[in-house]
Amino acid sequence: FSVAEHAGAAEAARKFNVAIYWNGPSGEDDVQQQIALSERAIDGDSLGVVLSPGSPFALDTVIQRALAHAIPVVIVGSSIPLAPSRNLSFVLDDVQQTGTLAALRLKKILNGEGEISLLGVDLMYAGSVERAIAIETSLQQSAPSIRIVGKPAGAFSFGQTEQDAEGMIRAHPRLSAIVALNVTATRPAVA
């Protein structure tokens, strides 16, 4: 996803003869590095900042600081607890459509029945709870014989999410599918 974002930003920047400094943390859960990189962009008088917040609440101060310096900020992927404004824009997922598409795909590959687990529900990560609710609601409407038998909640970390996936597999021997709600939950689910 970030490769497509980078390509789109680079194409737009070329049209206006603007250079892009593209960087990000080494992992999705490295919030401190994301904050440090954002601070560097603000201190460097950047024309704008594009963020895909690893932890939306942790980046509030950085975003407010950029806005105070009249640096436009675009938030990609996850909503944050700030309203759009003159210099704050959002490019977000359609959570309801995501839920519908996930439910339809599950219905097809599971032939309309089975047990699934949702992995990656984190109250501190805006969008994961909404995505889980959208999938659950869509399944109830289009495939009521597919039951959600687990939604382990907690903070994102590879190790914890991998343990959650393993625990779900052991606790539910008839588990048909694990639905990872984000990229951070996908890799541990596969592991």
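**Entry 1**

I began with strand β1, which pairs with strand β2 (residues 73-77) in the parallel sense over 3 bridges. I kept in mind from the start that this is a predicted model. Looking along that pairing, I found valine 50 standing opposite valine 74 in β2. I then looked up the sheet as a whole, and it is an open sheet of 3 strands in the order β1-β2-β3, with parallel pairing. Its edge strands are β1 (49-51) and β3 (88-92), and I noted that each of these pairs on one side only. Ignoring direction, neighbouring strands of this sheet are turned by 20 degrees against each other on average.

**Entry 1: a helix across the sheet, and its neighbour**

Next I looked for what lies over these strands, and I found that α3 lies across β1, β2 and β3, running at about 145 degrees to β2. I reminded myself that two packed helices are described by the angle between their axes and the distance between the axes. For α2 and α3 I noted an angle of about 5 degrees, with the axes 10 Å apart. Angles under 35 degrees count as roughly parallel, and α2 and α3 are therefore roughly parallel to each other. Which residues of α2 meet α3? I listed Ile35, Ser38, Glu39, Ile42 and Asp43 in α2, which meet Val62, Arg65 and Ala66 in α3. The residues of this contact divide into 4 nonpolar, 1 polar and 3 charged.

How many salt bridges does a search of the whole structure find? The search finds 6. In one of them, arginine 65 pairs with glutamate 39, and the closest N and O atoms are 2.1 Å apart. Arginine 65 lies in helix α3 (residues 60-68) and glutamate 39 in helix α2 (residues 31-43), so this pair ties together parts that are 26 residues apart in sequence.

Arginine 65 also meets aspartate 43 in a salt bridge, at 2.4 Å from N to O. This pair, too, links distant parts of the chain, with arginine 65 in helix α3 and aspartate 43 in helix α2, 22 residues apart. I wrote down that Glu39, Asp43 and Arg65 are linked in a network of salt bridges.

Are these residues buried or exposed? Arginine 65 is partly exposed at 27% relative accessibility, and glutamate 39 is partly exposed at 22%. Aspartate 43 has a relative accessible area of 51% and is exposed, because the cut-off for exposed is over 50%.

I then turned to another salt bridge, in which the side chains of arginine 147 and glutamate 115 meet at 2.8 Å, N to O. Arginine 147 is in strand β5 (residues 146-150) and glutamate 115 in strand β4 (residues 114-119), so that the pair links parts of the chain 32 residues apart. Arginine 147 is partly exposed, with a relative accessible area of 47%, whereas glutamate 115 is buried, at 16%.

What of the rest of β4? I found that 5 of the 6 residues of β4 are buried, so the strand is largely enclosed by the rest of the structure. On checking its partners, I saw that 4 bridges join β4 to β5, and that the two run parallel; here serine 117 has glycine 150 in β5 as its bridge partner. With strand β6 (residues 175-180), β4 pairs in the parallel sense over 5 bridges, and the bridge partner of isoleucine 116 in β6 is alanine 177.

Terms used. Residues numbered from 1 in each chain as written. Predicted model: local features only at pLDDT ≥ 70, side-chain atom pairs only at ≥ 80, totals over all residues. Heavy atoms only, no water. Salt bridge = Lys/Arg side-chain N within 4 Å of Asp/Glu carboxyl O. Buried < 20%, exposed > 50% of the residue type's maximum accessible area, 1.4 Å probe, protein only. Pairing = 2+ DSSP bridges. Axes fitted to C-alpha atoms, helices over the stretch in contact; angles between N-to-C directions. Parallel < 35°, antiparallel > 145°, perpendicular 65-115°, else oblique. Contact = heavy atoms within 4.5 Å. Nonpolar A, V, L, I, M, F, W, Y, C, P; charged D, E, K, R; others polar.
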